[in-house]
Amino acid sequence: VCDISILHASCSKQHAVLQYRKDKPYPSLMDLKSTNKTHLNGNAVDSARYYELRHKDIIRFGESSREYVVMQEQQVD
């Protein structure tokens with residue numbers, strides 16, 4: 001199952017997971033033991049470990065030059 005396709009030779013078919021949960025204010029990222037790693041803010045993340053994502057965090061998959069920026073809607077009180 002894949003919700004977002006990244007067509008780059010260095011990216012695995014199922015490279016990483018982005019998880020959203022009702023009980024958490026921020027989404028999470030986990031690398032699925034990919035060969036070419038997942039990068040968060042310029043640093044390779046450890047496989048099989050969730051990382052909490054914050055507003056303006058930058059994600060990069062494999063050796064692709066595309067960067068994905070986490071954007072969170074501002075909460076109105």
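Strands are DSSP runs of E spanning at least two residues, numbered from the N terminus. The legends below refer to a predicted model.

**View 1. The open four-stranded sheet.** Four strands form an open sheet in the order β4-β3-β6-β7, with antiparallel pairing. The edge positions are taken by β4 (43–44) and β7, each of which has a single partner strand, so one side of each is left without a neighbour in the sheet. In general, the strands of a sheet are held in pairs through backbone hydrogen bonds, in either a parallel or an antiparallel arrangement.

**View 2. The two faces of strand β6.** Strand β6 comprises residues 58–61. I59 and F61 lie on its covered face, whereas I58 and R60 lie on the uncovered one. Side chains in a regular strand alternate between the two faces of the sheet.

**View 3. Pairing of β3 with β6.** These two strands run antiparallel to each other and are joined over three bridges.

**View 4. The β6–β7 hairpin.** Strand β7 consists of residues 68–69 and pairs with β6 in the antiparallel sense over two bridges. Within this pairing, I58 stands opposite V69 of β7. Six residues separate the two strands of the hairpin. In the turn, G62 adopts a positive phi of about 60 degrees.

**View 5. Surroundings of H39.** H39 is located in strand β3, which covers residues 38–40. H39 counts as buried because its relative accessible area is 12%, and the limit for burial is under 20%. When neighbours within four places in sequence are set aside, the contacts of H39 are A44, I58, I59, R60 and G62.

**View 6. A nonpolar surface patch around I4.** I4, L18 and Y20 form a nonpolar patch on the surface, and together they present about 360 Å² of accessible area. I4 is placed in the segment before β1 (16–19).

Definitions and conventions. Residues are numbered from 1 along each chain as its sequence is written. This is a predicted model: local features need pLDDT of at least 70, side-chain atom pairs count only at pLDDT 80 or more; totals for chains, interfaces and linings use all residues. Side-chain values use heavy atoms; hydrogens and water are left out. Buried means under 20% relative accessible area, exposed over 50%, partly exposed in between (1.4 Å probe, protein chains only). Contact means heavy atoms within 4.5 Å. Patches are made of residues with over 30% relative accessible area and no salt bridge: like charges are joined within 9 Å, nonpolar side chains (Val, Leu, Ile, Met, Phe, Trp, Tyr) within 5 Å. Accessible areas come from the Shrake-Rupley method with a 1.4 Å probe; for residues, only the protein chains shown count as cover. A salt bridge is a side-chain nitrogen of Lys or Arg within 4 Å of a carboxyl oxygen of Asp or Glu. Two strands pair if DSSP finds at least two bridges between them.
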